[in-house]
Amino acid sequence: MGVVKMTDNIRMRAQLKGEITEVKILMTHPMETGRRKNDFGDVIPANFIQTVTATLNGKILLEAQWGTGISKNPYLTFHMRGAKAGDVVRINWTDNQGKIGVGEIAVTPA
Amino acid sequence: MQERRKFIKSLLALSALLVLPMRALANNWNIPAFQAKKLPEAFAALQISNVSLSTDIKVIGPDKAENGAVVQIEVASQIPNTESITIFVENNPTALIANFVFSENTLPFVVTRIKMAETSDVLAIIKAGNRYFSAKKHVEVLENGCG
């Protein structure tokens, strides 16, 4: 149950488009519901992201709570005002097994 | 008098101890809401009530989803002071999908991909101040996506 490395579990982009910055995030996670069975009929344990926090230079942008209904390898887009090129968007997630994921990206002009 | 002051001080200290963990809990994952099978139970767990239909909310999704495992949904609110967007799928084994809380500079808009067990309405609830507004989109699911 180690910390997942930040380089390979979150892909991000934050692009300035006029006054709005568009943040796109793709996370690598199985998002198992706990209702599926493997080929031997054993239940695959629930394994899903529960909380996601996005920050800009350390200030909170968005806080999310997720259930098992978010698709495998979760995808998220959101928009913010007031960011400039070079500002840092950071994503943190935690899952029901206690694992965490971290990713960050600098805002770039479109 | 001295003893009474001491007593009051210790009471205050005790109540501070009690309040701190409760504040921390407020950020924690809402277990009863996510375990609720039906909408009314999920609403109760999230303290959602008196929901008004609104045309100022857009819920965009496919009319038909080939594969219920990955259904892209976009929700955008034009309601002033929108604080959060909560997404439900009425016919899923557990109705609550996700809750997004926005800061001042984050627009009340989200695109994400969800699982749908069967054909259902996708419902978005917006919180603005102490009021709740809703809009929905019917999505026909051709292949079950929950397993």
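First, some ground rules. Because the model is predicted, local features need pLDDT of at least 70 and side-chain atom pairs count only at pLDDT 80 or more, while totals for chains, interfaces and linings use all residues. Residues are numbered from 1 along each chain as its sequence is written, chains are lettered from A and ligands numbered from 1 in the order in which they are written, and side-chain values use heavy atoms, with hydrogens and water left out.

Let's start with chain A. It has 1 helix and 8 strands. Helices (H or I, at least four residues) and strands (E, at least two) are DSSP runs, numbered from the N terminus. From that end, the order in chain A is α-β-β-β-β-β-β-β-β. Its C-alpha atoms fill a box of roughly 55 × 25 × 20 Å along the principal axes. Chain A counts 110 residues, and 47% of them are buried. Buried means under 20% relative accessible area, exposed means over 50%, and partly exposed is in between (1.4 Å probe, protein chains only).

Now chain B. Here we have 3 helices and 9 strands. The pattern along the sequence is α-α-α-β-β-β-β-β-β-β-β-β. Of its 147 residues, 44% are buried.

What about surface? Chain A exposes about 5,400 Å², with 53% of that from carbon and sulfur atoms. For chain B the accessible surface is about 8,600 Å², and carbon and sulfur atoms hold 55%. These areas come from the Shrake-Rupley method with a 1.4 Å probe; for residues, only the protein chains shown count as cover.

Next, contacts along the sequence. A contact means heavy atoms within 4.5 Å. Take the contacts in chain A between residues at least 6 apart in sequence: 59% join residues at least 24 apart. In chain B, with the cut-off again at least 6 apart, 64% join residues at least 24 apart.

On to the sheet. Which strands form it, and in what order? There are 7 strands in an open sheet: β8(A)-β1(A)-β2(A)-β5(A)-β7(B)-β4(B)-β2(B), with mixed pairing. Two strands pair if DSSP finds at least two bridges between them. Look at the edges. There stand β8 (108-109) of chain A and β2 (57-60) of chain B, each with a single partner strand, so one side of each has no neighbour in the sheet.

β1(A) and β8(A) pair in the parallel sense over 2 bridges. Leu16(A) has Pro109(A) as its bridge partner in β8(A). Then β1 (residues 10-17) and β2 (residues 20-27) of chain A run antiparallel, joined by 8 bridges. Arg13(A) is bridged to Lys24(A) in β2(A). These two strands make a hairpin with 2 residues between them, and Gly18(A) in the turn has a positive phi of about 70°.

β2(B) pairs with β4 (residues 71-77) of chain B, antiparallel, over 4 bridges. Lys58(B) has Ala76(B) as its bridge partner in β4(B).

Let's go inside. A nonpolar core is a set of buried Ala, Val, Leu, Ile, Met, Phe, Trp, Tyr and Cys residues joined through side-chain atoms within 4.5 Å. Which members of the largest core touch the most others? They are Trp66(A), Val75(B) and Phe100(B), out of 65 residues. Strand β8 (residues 120-128) of chain B gives the most to this core, with 6 residues. A second, separate core has 5 residues, including Tyr75(A) and Phe109(B).

Stay with Phe100(B) for a moment. Leaving out residues up to four places away in sequence, its contacts include Leu62(A), Trp66(A) and Leu76(A) from chain A, and Ile85(B), Ile87(B) and Val110(B) from chain B.

Last topic: charge. Side chains of opposite charge can pair when their charged atoms come close. A salt bridge here is a side-chain nitrogen of Lys or Arg within 4 Å of a carboxyl oxygen of Asp or Glu. The whole structure has 10 of them over all chains.

Glu22(A) meets Arg13(A) at 3.9 Å, N to O. Glu22(A) also meets Lys17(A), at 3.0 Å. Is Glu22(A) buried or exposed? At 13% relative accessibility, Glu22(A) is buried. Arg13(A), at 37%, is partly exposed, and Lys17(A), at 41%, is partly exposed.

Another salt bridge links Glu104(A) and Arg90(A), with the closest N and O atoms 2.8 Å apart. Glu104(A) lies in β7 (residues 100-106) and Arg90(A) in β6 (residues 88-95) of chain A, so the pair ties together parts 14 residues apart in sequence.

That's it from me.
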